[in-house]
Amino acid sequence: MKIQFKKRNAGGISQRVSSQSAVRHRVKRRWRASRLLLLASIVMLVAGCGEPAPNTKPPVNGENGSGQIQEEPKGKITFWNQQRKGTNFMNSESLPENYEAAKERNIEFIRLASDKWAKDRDFLFNDQPDLKPDRDFLIGNADQYEGLVEEDFAKLKGDLDAAEARGSKVVLTVLSLPGDRWRQFNNKKNDDRIWEDEAYHEQAALFWRDLASRLKDHPAVIGYNLINEPHPETATGFHDFWTEDYAEWYKGVEGTAADLNKLYDTIVKAIRTVDSDTPIILNSGLYATPWAFQYLKPVQDDNVLYAFHMYEPYELTSQNKKKGLAIEYPGKVKVGEQQTEKEFNKETLKQFLEPVAKWAAEHNVPANRIIAEEFGINRMVTGADQYLADLISIFNEYGWHWAFYAFREDTWDGMDYEMGDKKPNWKYWEAIEKGEQPPRIEIDSPLWDALKEGLDKQ
């Protein structure tokens, strides 16, 4: 996708020739020619000064090789023309005070998933059975979409209004679509129906069209992220990117219900019938792994961004006390189904992200249309602060937007970096039990310091 823009005149000075008499025109023609030449020289001189850092500049107005000119971008997409730094909210309920806290910490956008708002607290916090297994937020029931649930939409609208009142911008995402109920709400099993039956593609498109028609003018919303961590691979026998061939796999599913590009094409077209402005954000496949960019097809829409998640190596980042905390960063990690031992450090992390950079270069997608949409590591892992710092450094080097996971999540404390590497105390659990935000106490946290340095850096 090559983005082109109309070239402005320097300083807004018009270069149109006035319609005076022919005699006067001949008298002034040489003077005007000299003046235009001088203006052109000034423009060239200014353009050559203060060159921005590589890979970080926004798309520039002008022509492509064919001489075609495109209008300068307007509307919500302009939010993304400079690098943005954000976080993720995936809480059990709407917590407007978190928007204010995030704003105070220089967090520029929130990626919001509201799916948990449909579930009971005992299910989310106390490992009790799900009393509403067929209840999915906004879509009603993932088995069959029949229209937005008005009560749910009112809750979401109230949350977005609170974000706007506090000066926060929001990327809205969903954990479930029709035919694709989130694994955590599906007895810990993948729901692969959407990758097997195109009827669910159409239902997903109807859902997003309905939602976009209601939110297109909301000032807080600066992105629709169509589905969190899509995984058509799991329905078709592909599981291990360390050893399996993506190109070969995609040849077998292209054009079928398991083709992620086909799903995206259907949903994007539906949204654009009601909302031509709001940016749309597309995840790569296999749970948004960077390696799945290999088969992702750019959409012919200038208001589209592309996103990945980074928790690799998962064997390192997902450690906890129950699994054990034996692996450190930097260090050696056994990865993939074959348990191949590999050294992981900053250079290795950058190599893992190379497929994204390569894909962007091949398709002329600028850095400010790429988002590292989630990244994180269990805060108890030794070297977790260095892991976060190294990833942020790489994202900044490329000029990509980024959003860490997560900020003050109330259902899990494993990536609540303000807590450092300490266990939650009794006051924390008491507040959670009451449905309140735990008190925040300033502690020495190298983990939060790594994020804070990235958020504060201009």
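Predicted model: local features only at pLDDT ≥ 70, side-chain atom pairs only at ≥ 80, totals over all residues.
Trainee: Where is Asn88 found?

Mentor: Asn88 sits in strand 1, which covers residues 85-89.

Trainee: Is Asn88 buried or exposed?

Mentor: Buried. The relative accessible area of Asn88 is 0%, and the cut-off for buried is under 20%.

Trainee: Which backbone oxygen does the side chain of Asn88 reach at 3.1 Å?

Mentor: That of Phe404. There is also the backbone oxygen of Glu373, which lies 3.2 Å from a polar atom of the Asn88 side chain.

Trainee: And what does Asn88 touch, leaving out residues up to four places away in sequence?

Mentor: Arg111, Glu373, Glu374, Ala403, Phe404, Tyr405, Ala406 and Phe407.

Trainee: Let's take Ala406 from that list. Where is its place?

Mentor: Ala406 is in the loop between strand 10 (401-404) and helix 12 (426-433).

Trainee: Is Ala406 buried or exposed?

Mentor: Ala406 counts as buried, because its relative accessibility is 4% and the limit is under 20%.

Trainee: What is Ala406 in contact with, neighbours within four places aside?

Mentor: Thr87, Asn88, Met415 and Tyr417. Look at Gly376 too. Gly376 and Ala406 are 30 residues apart along the chain, and their C-alpha atoms are separated by 7.7 Å.

Trainee: New topic: helices. What describes two packed helices?

Mentor: The angle between their axes and the distance between the axes.

Trainee: OK, at roughly what angle do helix 4 and helix 5 cross?

Mentor: Roughly 45°. Their axes come within 12 Å. Helix 4 is residues 150-165, and helix 5 is residues 199-215.

Trainee: Which residues make the contact?

Mentor: Helix 4 gives Glu150, Phe153, Leu156 and Leu160. Helix 5 gives Leu211, Arg214 and Leu215. By class, five are nonpolar, none polar and two charged.

Trainee: What about helix 11 and helix 13: how do they lie to each other?

Mentor: Roughly parallel. The axes of helix 11 (residues 384-398) and helix 13 (residues 446-456) cross at roughly 10° and come within 8 Å. The crossing is right-handed.

Trainee: Which residues meet there?

Mentor: From helix 11, Ala384, Asp385, Leu388, Ala389 and Ile392. From helix 13, Pro446, Leu447, Ala450, Leu451 and Gly454.

How values were computed. Residues numbered from 1 in each chain as written. Heavy atoms only, no water. Helix = DSSP H or I, 4+ residues; strand = E, 2+ residues; numbered from the N terminus. Buried < 20%, exposed > 50% of the residue type's maximum accessible area, 1.4 Å probe, protein only. Polar contact = N/O pair within 3.5 Å; in protein donor to acceptor, adjacent residues only side chain to side chain. Contact = heavy atoms within 4.5 Å. Axes fitted to C-alpha atoms, helices over the stretch in contact; angles between N-to-C directions. Nonpolar A, V, L, I, M, F, W, Y, C, P; charged D, E, K, R; others polar. Parallel < 35°, antiparallel > 145°, perpendicular 65-115°, else oblique. Left-handed = near helix turned anticlockwise from the far one by under 90°.
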